2 protein chains.
Amino acid sequence: MQLKVGIDKVFEIDSKTSIYETLKKNKLFIISPCGGKGTCGKCKVKIIKGEYNCNNYGKLLAAEKENKIVLACQTFVLGDLEIEIPKESVLVVGEQIATSRYKDLTLYLETYGLKPNPIVKRIVVELTHPSISDNISDIERLRSALFELGIDNIHFSHLITTDLSSTIRENNWKVEVSYIERHNNTHIVFLISGTECHKRYGAAVDIGTTTVVVYLVDLDTGHLVDVGSTYNSQMRYGDDVITRIVHATEGGGLEELRSAVRGDIKSIIKSLSEIHNIRVCEVVSTVIAANTTMSQLFWGLDPSSIREAPYIPTLNRYPMWTGAEARLPVSPMSPVFTFPCIGSYVGGDIVSGVLASGMHRRDEIALFMDIGTNAEIAIGNNEWIMSAACSAGPCFEGGGVTCGMRATNGAIESIVIDRKTLEPAIKVIGGGIPIGLCGSALIDAISEMFLSGIIDLKGSFHKEKTSRIREAETGLEYVVYTNEKIGRDIIITSADVENVIRAKAAIYAGVSLILREVGLGIEAIDKVYIAGGFGNYLNMERAIIIGMLPDMPTEKFDFLGNTSIIGAYLCLMSEELMKEAEELSKKMTYLELSATNSYMEEYMSAMFLPHTDISLFPTVQVKLNNALGVEN
Amino acid sequence: MQLKVGIDKVFEIDSKTSIYETLKKNKLFIISPCGGKGTCGKCKVKIIKGEYNCNNYGKLLAAEKENKIVLACQTFVLGDLEIEIPKESVLVVGEQIATSRYKDLTLYLETYGLKPNPIVKRIVVELTHPSISDNISDIERLRSALFELGIDNIHFSHLITTDLSSTIRENNWKVEVSYIERHNNTHIVFLISGTECHKRYGAAVDIGTTTVVVYLVDLDTGHLVDVGSTYNSQMRYGDDVITRIVHATEGGGLEELRSAVRGDIKSIIKSLSEIHNIRVCEVVSTVIAANTTMSQLFWGLDPSSIREAPYIPTLNRYPMWTGAEARLPVSPMSPVFTFPCIGSYVGGDIVSGVLASGMHRRDEIALFMDIGTNAEIAIGNNEWIMSAACSAGPCFEGGGVTCGMRATNGAIESIVIDRKTLEPAIKVIGGGIPIGLCGSALIDAISEMFLSGIIDLKGSFHKEKTSRIREAETGLEYVVYTNEKIGRDIIITSADVENVIRAKAAIYAGVSLILREVGLGIEAIDKVYIAGGFGNYLNMERAIIIGMLPDMPTEKFDFLGNTSIIGAYLCLMSEELMKEAEELSKKMTYLELSATNSYMEEYMSAMFLPHTDISLFPTVQVKLNNALGVEN
C-alpha cells in the first residue's frame with residue numbers, strides 16, 4: 001500500500017506499521033516526545049484521503065478529530081492513504097540552520113585559538129581494593145583517589161551516590177569519573193565503566209520564539225554529529241513572547257509552555273540519539289541559548305514580571321542546574337548551562353550571538369543585529385557593548401506574513417523582478433515547488449517591488465503597473481507564484497508590506513537611537529554582523545534599499561546566520577568560552593528603548609521606503625534615480 | 001454502633017466513618033503514609049468479630065485477606081465490630097521513648113552551654129522596589145540585599161528559583177529567607193512571607209532496626225512539640241540487619257525497604273503535623289540518626305557490601321541532602337542531616353549517642369553501650385574514642401523472645417520473684433493488663449530466676465522448684481503471668497533464656513575485648529552510660545547479676561534511654577553540635593571484633609550466669625552466697 005505525504009512524497013506502507021514508524025523509516029521525522037506511545041499527543045497528521053484505523057486519539061481535541069487530525073503513532077492504513085503533515089509537527093533533521101561562515105564548526109574554535117575543552121572532564125581512577133585493615137567507605141576511597149589526582153572539594157549528589165557502590169564493584173575498582181569544577185567545588189556528573197557510555201556528546205540548544213534548533217556534538221572532537229530543528233510548540237499558545245507570557249499567567253499555562261518546548265527539545269535529542277545510536281548517559285552536557293522569556297519558560301519560571309514595567313526577569317545569570325531538573329533525555333546529573341541574559345528583552349541568545357561574532361574581542365567597533373522573531377542589536381568592541389531590543393515582530397522569520405515561512409526546504413529565498421515585464425524570478429531552498437516566502441525573499445520582494453514601482457515609498461500598491469497585482473477582500477496583493485497543484489498562490493498583500501515596513505522601521509530606529517546614545521555616527525562602525533533566520537543568505541544591498549540596514553558599504557556587512565546556536569556550540573566545546581560568555585554578559589549594558597521619547601520619533605521617520613530623510617540613504621537615491629531614469 | 005479494639009478499648013462508630021478515621025478521632029493512630037487514601041496498604045487491622053464492608057483491599061495479599069485483615073481506611077462497620085490492631089500498624093504518639101535524664105530537652109542544650117541555634121537561619125530582607133533605572137533581575141536584587149546583610153556565595157536551587165518572583169511580589173518586596181551556610185556556600189532553603197509558614201519546626205529521627213522514633217521540635221524554643229514512634233515497617237522483610245541487606249539485593253527489594261521506612265517516618269511526621277496544625281513548609285530541618293545499614297536504606301543506597309568482608313559501606317559521611325531527596329513531608333529544599341557513621345556496624349546512632357552522653361567532652365574515661373537490636377560500645381574520653389559492635393541480637397528490644405515487646409504501654413518493665421514462694425510480682429508500663437515483656441523485664445526475670453534457683457548458671461530450668469515451670473512442646477517454660485482475657489500466657493522459655501545468655505555474652509565479650517585493645521582494666525572506667533530501648537529504666541544491679549555489665553559500683557552507671565534520638569535533637573537545635581558530631585565521628589576509631597581471634601574465646605567464657613570466671617563478678621558471688629545461705 002502507498003502513503004502519499006504532502007504534494008510530492010510517496011512511501012510504501014503496510015497495515016501493521018504505524019504512519020509514525022513508516023515516516024521515520026523514510027527519514028521523515030515528526031515531533032513525538034513520548035516516542036510513539038500515544039501519550040504526548042504531538043505527532044499530529046491530517047488525513048486527506050483514504051481508509052485508516054486510528055487506535056487512540058489520545059490528547060487530541062474533538063475539533064481536531066473532526067478535522068481528520070490523527071496521531072501518526074496510533075494510526076494504521078487500511079488501503080492507500082494521503083496525508084498532510086502540519087508544519088508544527090515536522091522535525092527537520094540534518095539541515096543546518098544557516099551557519100554560513102564555516103561548514104566545519106571546529107573552525108570556530110580555531111579562530112579563538114582554542115582546542116576542545118568541554119566543561120565536563122573525564123578521568124580514569126584506579127582504586128585500591130578494600131580490606132579489613134583498609135575499610136574506609138567507597139566514597140572516602142574515591143574521594144582520596146581523586147584528591148591524589150588533584151581533584152578536591154567534591155560534592156556527591158544523592159543521585160550519583162545511589163549507584164556508586166555497584167558501579168565501582170562491577171568495574172573492579174577502576175572507573176571513569178565525569179565531573180565539573182565550578183566555584184571551587186567539584187560536582188560528580190557520573191561514574192562509569194570503561195566500556196559503557198564511553199563516548200561523550202553534548203547538545204547545543206537554541207530556543208527561538210518560533211524555532212528550536214539542536215546541534216548534537218561529539219565533545220571529544222567538536223564535530224557536529226547531527227542537527228535537528230522544529231517549530232517551537234509553544235506557538236499554539238501564541239506567536240510572540242507577549243501572548244505566551246499572558247498564557248503563562250493562566251491556570252496551568254506555565255507548565256503547558258514549559259512542557260511544550262521541553263517536548264520539542266526532548267523529541268529532537270531522542271530522534272538524533274536514535275539515528276546515531278547514542279545513549280542517554282552519553283549526552284553529558286547541554287547549553288541553552290534563548291531569549292529572556294524563552295529561558296524562563298524552559299526552566300518553568302513564571303515570566304509575568306517581564307511583560308510589565310519595569311520589566312524584571314526572575315534571573316539573568318542562571319546557576320548550573322542539571323539535566324534532570326531540565327527534564328531532558330540526557331545524563332541526569334549533567335550540567336545545563338543557560339546563557340546569561342542582559343535584561344528582559346535582550347537575552348542569552350544575543351550574548352551567544354555576540355560571542356559567536358567575536359566582536360567583544362576586537363578593537364574595532366561593530367554593530368551586531370539578530371533579526372529573529374524580534375530584533376535585538378548590540379554595538380561595541382572589546383571595551384564596551386551596549387544592547388537594545390526593537391519590537392520588530394516576527395515577519396522576517398515568516399511570522400505574521402500571509403505566505404511567510406521559515407527558511408527550510410520549499411521556501412523561496414530570493415526574488416528578482418524584471419524591470420520591464422515586472423515578472424518575478426524566484427529561487428527555492430531545496431529546489432522543489434515553492435510553498436512560501438522566507439525572510440530574505442520578503443526583503444528581496446519589497447525592495448524589487450519598490451525599485452520597479454509596483455509599490456511606492458509608503459508601500460502602497462500601484463495596481464496599474466502589472467496584472468500580478470489583484471484585488472482581494474483584504475485589499476491589493478501581488479502574486480509571486482501560482483501553481484494549481486498547491487491549491488493556493490504565493491502572494492504578498494498590502495498588509496504584508498505594511499508589516500515589513502513597520503518591522504524594518506523598528507530595527508532602523510533602534511540602530512539610530514543606540515548610535516545616538518553612544519555618541520557615534522554610522523561612519524564609526526567598522527563592521528555589521530547580521531544574524532537571524534532569513535535563510536542561507538541575506539542580500540545586504542536590498543536590506544539597505546528598504547531601509548532596514550543603514551546605508552553603508554556592503555563589504556562592512558557580514559551575514560552570520562544563526563549565531564545563537566553557534567555561540568551555544570562554542571560554550572559546549574570550551575569551558576574558557578563559557579566563562580567568557582559570563583564575563584561578556586557582565587560587560588554588556590542594556591538600553592531600554594521604550595524609556596526614551598526619541599524612539600517613537602525615529603520610528604515614525606523610518607516608516608517609509610527607505611526613510612523620510614532620503615539623504616541618509618545616498619546609494620538608494622542613486623538606484624531610485626536609475627530606476628526612474630533620472631540622472632544622478 | 002461500637003468498635004471494640006483489642007481487649008480493653010471501645011469507641012463509638014457510625015457507618016459513614018472509616019475505622020481509620022474513627023481510631024484517629026479517638027487518638028489511636030495507625031501507620032498510613034498515604035493518609036487514608038487506600039493506596040499505601042499499611043493501615044492494616046484484623047477483624048475479630050462482626051459485620052463490615054471493605055471497599056478496597058488495595059495492596060493486601062490474598063493470604064491477609066483470608067486472614068480477615070482489612071485496610072482501616074477502606075473499611076466501614078455494618079454493626080458492632082471487634083478488631084485487633086497488629087503491633088506493626090500502631091503509631092504511638094505522645095510517649096517519650098525513655099529519655100530519663102531530663103523531661104525538658106532544652107536542659108540538654110544548657111548542659112552544653114548552648115542556646116538554640118539551628119542550622120537553618122532565617123532573616124527578614126527588605127528589597128528596594130525595581131524601576132526602569134534599577135531593573136536588575138529579582139535574584140540579583142535579592143543577592144545584593146543579602147550581601148549587605150553579610151550573606152554571600154548564595155546558591156539558588158532550581159526549585160527555590162521557581163517560586164521566587166511571585167513570593168517576592170506577593171509580599172511586597174519584603175520576605176523572610178531561610179538559608180543554611182555550609183562549606184562557605186549559602187543555600188536558600190526557602191523564601192516566605194511574614195505571615196505564612198511563620199513557625200519553624202524540625203524533625204529528629206531515630207531509625208532503629210526495630211523502632212522508628214520522631215521528635216517534632218519547635219526550632220525557636222527547642223521545646224518538644226510531640227513524639228511519635230512505630231515499628232520499623234522493614235521488619236516484614238526480616239528482623240535483623242543482615243536479612244534486610246539480603247532482601248535489598250533481590251529485585252526491587254532495596255526500593256521496598258526504602259519506602260517502608262520512609263513510609264513510617266512520613267506517617268509519623270504527617271500525623272504529628274496534623275495534630276498540631278503544622279504545615280509542611282514549616283518543617284525546615286531534619287536530622288537522621290541511624291545505624292550504617294539503616295542510613296543507607298533510608299537514602300536508597302544498596303547496602304550489600306556492608307554484609308560481606310571487608311564490610312564496606314557506600315559512605316560514612318553524608319552530604320547534606322534535601323527533604324525532597326529524602327522524600328519526606330517537609331519543606332523540599334530543607335536540609336536533612338544524616339549522622340556520620342564510623343564503620344559498617346557502628347553507625348550514626350552511636351555517634352549520636354556518644355554526643356548525647358557528652359563523654360567526648362570530658363577527661364574521665366567512659367564506656368558507652370547502646371543496646372538496641374544489636375549492641376554497640378564505645379570507650380574513651382575527650383582525646384580518643386574507640387568503638388565496636390557486638391552481635392547481641394534484638395532480644396533486649398523484644399525481638400526473638402517468645403513474649404518480647406517494645407517498652408511501650410502494656411509491657412512488663414520489672415519483675416521481682418519472691419524467694420520463698422517463687423511467685424513473681426510485676427510492674428506494667430501504663431499500668432494496665434500486661435501483654436509482653438520489654439528488655440528490662442527480661443533482665444529482671446533472668447536474674448531473679450537465677451538468684452532464686454529457678455535456673456542454674458547454664459540457664460537450665462529446675463522444674464522441681466515451682467509449678468510455674470511447665471513442659472511445652474518446645475521445652476520447659478516459666479509462666480510470668482496468666483490471664484484468660486488475653487488468651488495466652490506471658491512466659492519465658494528455655495530458648496528465651498538461651499537467647500538472653502547469648503546476647504549478654506556477646507556484649508560482655510565486646511566490652512572485655514575493647515578494654516584489652518586499649519590496655520585498660522575495668523577500674524579505669526569512671527563512668528558507664530547505658531542507652532537502649534529497655535524501658536524507662538534499667539536495673540544495673542540485675543544486669544550485672546546476669547553478667548551483661550561488668551561488675552562495677554552501680555553509681556558509676558547511668559541509664560540514658562534512647563540517646564540516638566537525643567543526639568539527633570541536639571544537632572537539630574544547634575549548628576555547633578552538628579559540627580561537633582562531624583568532628584567526633586572523625587575522632588572515633590572502629591574495632592572490628594570479628595577480626596580478632598580472642599572474641600570467640602571471650603564470648604564462650606561469658607556464656608554462663610554471670611561468667612565462667614565468677615571472680616570477675618565479686619558482688620554477684622556475694623548475692624549467690626546469700627541466696628544459698630552460704631557465708632561470705
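Domain bounds in these legends come from an automatic or database domain assignment, and the model shown is a predicted one.

**View 1. Domains of chain A.** The assignment divides chain A into domain 1 (2–85), domain 2 (121–192), domain 3 (359–394 + 501–619) and domain 4 (402–499). Between the centres of domain 2 of chain A and domain 3 of chain A, taken over C-alpha atoms, the separation is 48 Å.

**View 2. The open sheet of chain B.** In chain B, 8 strands form an open sheet with mixed pairing, and their order is 3-7-14-13-12-15-17-16. Strand 3 (29–30) and strand 16 (321–322) of chain B are the edge strands, each with a single partner strand, so one side of each is left without a neighbour in the sheet. Strand 15 (residues 283–290) of chain B pairs with strand 17 (residues 335–338) of chain B in the parallel sense, over 3 bridges. Within this pairing, Thr286(B) has Val336(B) of strand 17 of chain B as its bridge partner.

**View 3. Helices lying on the sheet of chain B.** Helix 11 of chain B packs on the sheet, where it touches strand 12, strand 15 and strand 17 of chain B, and its direction makes about 105° with that of strand 15 of chain B. Helix 7 (residues 253–275) of chain B lies across several strands, including strand 7 (90–93), strand 12 (201–207), strand 13 (211–218) and strand 14 (224–231) of chain B, and runs at about 35° to strand 13 of chain B.

**View 4. The packing of helix 11 against helix 16 in chain B.** Helix 11 (residues 348–357) of chain B and helix 16 (residues 575–587) of chain B pack at an angle of about 115°, their axes being 10 Å apart, and the crossing of the two helices is right-handed. On the side of helix 11 of chain B the contact is made by Val351(B), Val354(B) and Leu355(B), while helix 16 of chain B contributes Leu577(B), Glu580(B), Ala581(B), Leu584(B) and Ser585(B). Classed by residue type, this contact has 6 nonpolar, 1 polar and 1 charged residues.

**View 5. The side of chain B that touches chain A.** Here 36 residues of chain B are in contact with 36 residues of chain A. Helix 4 (138–148) and helix 5 (158–170) of chain B each supply at least two residues of the side of chain B that touches chain A, and helix 5 of chain B provides the largest share of that side, 7 residues. By class, the side of chain B that touches chain A has 16 nonpolar, 14 polar and 6 charged residues.

Methods
Residues are numbered from 1 along each chain as its sequence is written. Chains are lettered from A and ligands numbered from 1 in the order in which they are written. This is a predicted model: local features need pLDDT of at least 70, side-chain atom pairs count only at pLDDT 80 or more; totals for chains, interfaces and linings use all residues. Axes are lines fitted to C-alpha atoms, for helices over the stretch in contact, and angles run from 0 to 180 degrees between N-to-C directions. Helices (H or I, at least four residues) and strands (E, at least two) are DSSP runs, numbered from the N terminus. A crossing is left-handed if the near helix is turned anticlockwise from the far one by less than a right angle, and right-handed if clockwise. Two residues are in contact if their C-beta atoms, placed from the backbone, lie within 7 Å. Ala, Val, Leu, Ile, Met, Phe, Trp, Tyr, Cys and Pro count as nonpolar, Asp, Glu, Lys and Arg as charged, and the others, Gly among them, as polar. Two strands pair if DSSP finds at least two bridges between them.
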